[in-house]
Structure formats: C-alpha cells, structure tokens
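Subject: Structure for you to look at

Hi,

Here is the structure I promised to pass on. Have a look at it first, and then read on for what turned up.

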Amino acid sequence: MFPLTEENKHVARLLFSSGTCPRCIFRFCGVDLHGPYKRPSKELFNDLQKFLETEKDELILELPNPPLKKIRLQEDGMDNLSGNGEEGSSATEDEIIASEASDLRVCNVCLGILQEFCEKEFVAKVCQKVEASGFEFTSMVLSVSFPPQLSVREHAAWLLVKQEIGKQSLPLGRNDLVQLKEAYKWITHPLFSEGLGIPIDGKSLFEVSVVFAHPETVEDCHFLGEVCPDCFKPAKNKQSVFTRMAVLKALNKIKEEDFFKQFPCPPNSPKTVCTVLEIECTHGAVFVAGRYNKYSRNLPQTPWIIDGERKMESSVEELISDHLLAAFKAESFNFSSSGREDVDVRTLGNGRPFAVELLNPHRVRFTSQEVKELQQKINKSSDKIQVRDLQLVTREAIGYMKEGEEEKTKTYSALIWTSKAIQKKDIGFLNDLKDLKIDQKTPLRVLHRRPLAVRTRSIHSMETHYLDEHHFRLYLKTQAGTYIKEFVHGDFGRTKPNIGSLMNVTADILELDVESVDVDWPPALDD
Amino acid sequence: MEELGYPEAGLTGPEVAVATEPAAPSLVDRYFTRWYKADVKGKPSEDHCILQHSNRICVITLAGSHPVLQSGKTIKSISYQISTNCSRLQNKVSGKFKRGAQFLTELAPLCKIHCSDGEEYTISSCVRGRLMEVNENILHQPSLLQEKPSTEGYIAVVLPKFEESKSITEGLLTQQQYEEVIVKRNNPTATS
C-alpha cells in the first residue's frame, strides 16, 4: 500500500523534483508506518513516480479553478524558494526527465543514509565487522552518528515544506515529521536482528556504533558560525567546532529569512554519498566482586611505581585483576575495595570486600562453576593473597562496598611494644574502655597528600593478651577511618589519647593485622 | 609506605611470644632520616635536628646538644609570637595543597623559649617550605620539650616544595657529620 495520499502530493512533488529520496519524502509527509520504509528503494521510487504522474491526468479531469490554483501555487512556490542557487524547474516536463535520473541521485536531504546505507547490503557489511570483532553478546544497541550538516539540510527541507503546508492549510506540524534517525532504525533494526540472530535492546551493554561523515558538504554548516557565533564554543582537541548539538542550537536560533539568504532551499544535490567513518563495537563494563585475604607483609595495594621504576613487586590489585582481565578479555580494569591496608599489614578473617570493573570485556558469560574455577585459579597462583565469594555483580553493588568503607566497623590485632616493663595488671584497664573517643590529626605519614585536619574516631572496645614485660597483643574494634598505628604510638602526640598516653609509657606497634571488615557484602557463597 | 622491617610473616598463630630482644627501631628510626644544623644563626651549640620523613615532610626538633635540653635548664614559657604581626599559632592550612600556610625560609623563626635563668632561645625553621603546624602541646606542657624532644616535644611540621624536597638537605649535616661536630666542639684542640 502506498502510504501517500492526495494531500501529500504537492509536498512530495516539491521534494521529489529537488532530488529528495522516497524515504525522506515519506518522513516529511508524516508517514509513521514502518512498512513503507522497508521496501526496496527501486520499488519505492517507481511507485512514487507513478503517484506523482497521476496528478497530471487528474489535472485534466478536475475543475478548472482548483487545478489552476495548484499549478500557479506550485510555480510560485518554486520561484520564491529557489532564490539562492539553482533555478526551480517550473516546467513539468523537465521534472520527469530530471526525476528519471534521480533514482541514482544522492538524496539532497539524507545524503544517502536512507538510500544505500539502510539496506541489506550495507547492514550485512556491518554485521560482518561485528562478528569479526570477537565480542560475546546476546543483544545489541545500535548507535548511529550522522554528520552535522544533515540537520542543516533537514531544516532547509522543512522550511520549504512548511511554506507549502501553510498554503494548503494542511494539518501537518513539525512534530508529524519523522526524524531521520528514527526512520533509519525502523529499517535497520530488523535487518541487524536477523543478520546477527539477536534482539535489539536499548538497554543492552553491547553497542555497535556507526559514524557517518560527508566531507563534500562539511562547509554547509559554516555560515551558522557567522550568523550565530555564540552557539559555537572554541574547539577542544582540534575537533570541529560544528558539533551536532551546536548546529541544532544555531538552527533553532536563526531567523528563517536569514537562513534562506545563506542556504539553498531546497538543498542542492550532492555528488557523493556519505562515507562511513567508523564501525566500532564496545561492550559496557562488567563488575566482579569478592573478598580478599592478604597474607604478605610486603605487598602494596596498588602498583608502587616511582619515576617509571617499580619499587615493590606486584600488588593486591594486580594479583587479583590480571586473571580477571584475561578471562573476560577486557581492555582495562578499575580495582576498588572497602578501605585498604598498608603494605606491612595482613588481612585475615573473612577478608576485605573488593570489586573490579572490567572495561570493554569481550567475554561476559560465565557460569557459576566457571567463576568458581576462576577463583581457584587466582588462589593457586599466589600465596600472598586469596580470594573468596567471587561473583559477578551489578554497578549498583559498588555503592554498598564504598558505604562499608565509611560506615562499617573493623577489628584489628596489634602487637605492641612498651618502653617500660609492664605487668598483666597494667593493661587490664584497656579491656574496660568502651567507645573511647580519640582525636587524630592527619598522620604525618600521609600529610603530604591529605588535608591537615583533626578526625574524631571511636575505639569501640579492646581486648588485651599479655605476652611479656615489653609486649602484649591488643585486639580492637574501631570506627571506620581510624588510624590504628597512630593510636598505638601517638604520632608525635598528634593522636590523643593513644596507648602510650593511656598507659604512661612509650609504646610502638610491631605488627598489625586486620581481623575483620564488618561489611556483609558481597553475599557469601558456599564453596 | 614504610615497612616495619620484619620479615614476611607466614600463617603463624596469634599468640607468638616475641622474645625480649633489644627494642625494635623506634618510630623515628623507622620513618625518618635525621639531619642537623649546628650553631644555628651563629649561636653556639644551638643545634637543631630536622626529621625528614620519606614523604618529604620535615619535623623540626631540638638536637640533644641544644642548651635547652641540658640538665639544670628549666623552661619558663614558650611563645609562638615571633613578631608583633606574626604568630605561628595563626597559621591556617586548607585543602590537599595546604593553601594559606605561612611560608618559611631557613632562617625563619618558629618560636621563642624563655628559661628560668633569663636566657631566651629562638628556634629556626632550618628548611624552606610551608608551615603545617606548630606543636601546641609544648605550650601547655613545656617540660614535654625536654622529656621527649624527638617525638611529643617537636617544635613544628614543615612541608617543603616538591621540587625542593631533595635539595633542602644540602645545607644540613648527616648524623655522622653532626657527631663529628660535637666531638670537635668538646675537644677543640684535638685533630680529627
């Protein structure tokens, strides 16, 4: 069924004779059924021609007044609007000759996007590239980027159509126009779906991006830069100042008369079609979480590299993430954890929650068995760290972990040395101190990279184990963000009170272990 | 970050009793390098000790040979008002980059110490950089300065410019050089 009616003839003829392709003509006539767009170009062209030719026969049959009016209007219309540029062909015979060739003409509005670039052949080429990219995916989202000058041409065609509509008082408004991108997706989505055997889903993490450019008409936008200079911000990174958004903004601002003076309406026919600048596949990040134990007193959290030289071998982050990076075939990762410990501190107990964001993973599907095996692989590869509860999580889950860093309690075990000889009774009182408030100035050891401030923290409870006259073990449960080492040795008296001041001795910390990080995320898995 | 200097601990039980060996390297020994400036501003024996952390932060302290730390000296009061317009107590530092800090040159005075015998000593910065803080604990408890000059009795904390962090020690003496100075001072006629 041909979607255009009598009402649309003038607009259709106007656009057709200027070199607009059938699908764009449908768009400007408000055709919002998908069906018509999907038919092959040649068929559409022939049907359109036939549709427009009928008018001539009708002219003879119709009453004199209306047809005369129509012809006159048409001619007037053409003359008015072709003020800048080529002559409007008012003779209908010229139209036919021209239109015969226009099947091959590059559309003056879409520059070929709704001609060859939405058809099976092109889609097949893109599908080939997608399949060759090596990504694992079960759905996709198509993202298309058109050259900014398309908006200018669209605007020009719209102004033309608007005038025509005005004359006929047609009930067609700006919003009835079908957007280029929308029509493009109506046609191509089913083709991609069929070609790759997967659904198109706007929420899919796998994105196929096609970027079009049209070098021939790059300068079409430049006049906007002079008429509306404030819409165009200076270019960053040598990129063109004429971005899609900036161009749209300027088109909204510019007065119709000014636009007519600067740009041909209808737009002229280009000689070339668009070029495909790039076809890129990317997969959104996936997240893997777990808990890690650290058994080494010689392992930094993140790689320790100064001036390009690695100061310490490996890191918690690398020992865990390198395996994940490989398994998920990702490009890069971001490691984060619910707090962290110093190089010389062990993490015991249930371990510390962590999450790894894997960017642009090529492989994303893992059964829980495969994840278990991945966990075993990590654990076999190093005795410095061990992981547990390894699982895939969503982005939202990261929030729980960070909340844990700031709000949840931690428990520690510290080996303490005292300058003065002590007896069991000297440390007994520490067991009775509950919710001891301490004020900690930013420790000197981190003062070079943190603001100077005083932090009040709470030591919720302590338990002492006497070892000998100069040593005892202290178990503490503290508020998140407490500096334990400084609580023991006092950091030049900048943490008050501290173990030394409480016991009236000089105290120092020989060993520190994290016994537990009291965050109940990620969910524990039974191995 | 700094290590405690202990070998990698294996999965030992929690109740390992460490034998009473000589005390482990102190907090200062573990994290800081000691630098010295002797006879600051030409005043005999007014030696300062600068504790330089591996992260380039400097803690200004009195060297053991400073007159204030000699037996028999009592401190009457300490003041951070070094001139009519400048008090080190007014120093306010904000943000990660420590904006607003008073900038110190090597000879900038940090505080004045008044002793009961009438003597007054001025303590100088000895390093260029931003003043982070001065020790308010010694204001309320001056004896702290004498009891624990290298830790709780510190004078001030200074953050040198990143570019200057290595060069600031060029004008200072190492522990060994300082000890030689002391030896020479006590035996002026002896040749090394």
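Let's start with what covers the buried residues of helix H11(A): the cover includes helix H8 (149-168), helix H10 (222-227) and helix H12 (256-262) of chain A. Contact here means heavy atoms within 4.5 Å. Helices (H or I, at least four residues) and strands (E, at least two) are DSSP runs, numbered from the N terminus.

Before going further, please note that this is a predicted model: local features need pLDDT of at least 70, side-chain atom pairs count only at pLDDT 80 or more, and totals for chains, interfaces and linings use all residues. Residues are numbered from 1 along each chain as its sequence is written, chains are lettered from A and ligands numbered from 1 in the order in which they are written, and side-chain values use heavy atoms, with hydrogens and water left out.

H11(A) spans residues 244-253, and its buried residues are Ala246(A), Val247(A), Ala250(A) and Leu251(A). Because these fall within an arc of 135 degrees when seen down the axis, they line one face of the helix. The arc is that of the directions from the helix axis to the C-beta atoms. Met245(A) and Asn252(A), on the other side of H11(A), are exposed. Buried means under 20% relative accessible area, exposed over 50%, and partly exposed in between (1.4 Å probe, protein chains only).

In helix H15 of chain A (residues 397-407), the buried residues are Ala397(A), Ile398(A), Met401(A) and Gly404(A). Their arc around the axis is only 115 degrees, so they are on the same side of H15(A). On the other side, Glu406(A) and Glu407(A) are exposed. What do the buried residues of H15(A) pack against? They meet strands of chain A: E4 (286-294), E7 (332-337), E8 (346-359), E9 (385-393) and E10 (410-418).

Rings

Over all chains, the structure holds 25 aromatic pairs. Rings of Phe, Tyr and Trp (its six-membered ring) pair if their centres lie within 6.5 Å; planes under 30 degrees apart count as stacked, over 60 as edge-to-face and the rest as tilted. Tyr36(B) and Tyr178(B) are a stacked pair, because their ring centres are 3.8 Å apart and their planes are at 5 degrees. This pair links distant parts of the chain, 142 residues apart: Tyr36(B) is in strand E1 (residues 32-37) of chain B, and Tyr178(B) is in helix H4 (residues 175-186) of chain B. Tyr36(B) is buried, at a relative accessible area of 5%, and Tyr178(B) is buried at 8%.

In chain A, ring pairs join Phe2(A), Phe26(A), Tyr37(A), Phe51(A) and Trp186(A) into a cluster. Lys9(A) lies over the face of Phe51(A), 4.9 Å from the ring centre. A charge sits over a ring if NZ of Lys or CZ of Arg is within 6 Å of the ring centre and within 35 degrees of the ring normal. Arg363(A) also has its charged end over a ring, that of Phe366(A), at 4.0 Å from the centre.

Charged and polar pairs

How many salt bridges are there over all chains? The count is 35, where a salt bridge is a side-chain nitrogen of Lys or Arg within 4 Å of a carboxyl oxygen of Asp or Glu.

Lys50(A) and Asp47(A) form one of them, at 3.6 Å from N to O. Both lie in helix H4 (residues 41-61) of chain A, three residues apart, about one turn of the helix. Lys50(A) is exposed at 54% relative accessibility, whereas Asp47(A) is partly exposed at 21%.

Asp230(A) and Lys253(A) meet at 2.6 Å, N to O, in another salt bridge. They link distant parts of the chain, 23 residues apart, with Asp230(A) in the loop between H10 and H11 of chain A and Lys253(A) in helix H11. Asp230(A) is exposed at 53%, and Lys253(A) is partly exposed at 46%.

There is also a network of salt bridges that links Arg297(A), Arg346(A), Arg473(A), Glu511(A) and Asp513(A).

Finally, His471(A) is in strand E13 (residues 471-478) of chain A and is buried, with a relative accessible area of 2%. Its side chain makes a polar contact with that of Asp468(A), at 2.8 Å. A polar contact is a pair of N or O atoms within 3.5 Å; within protein, one must be able to donate a hydrogen and the other to accept it, and residues adjacent in sequence count only if both atoms are side-chain atoms.

Happy browsing!
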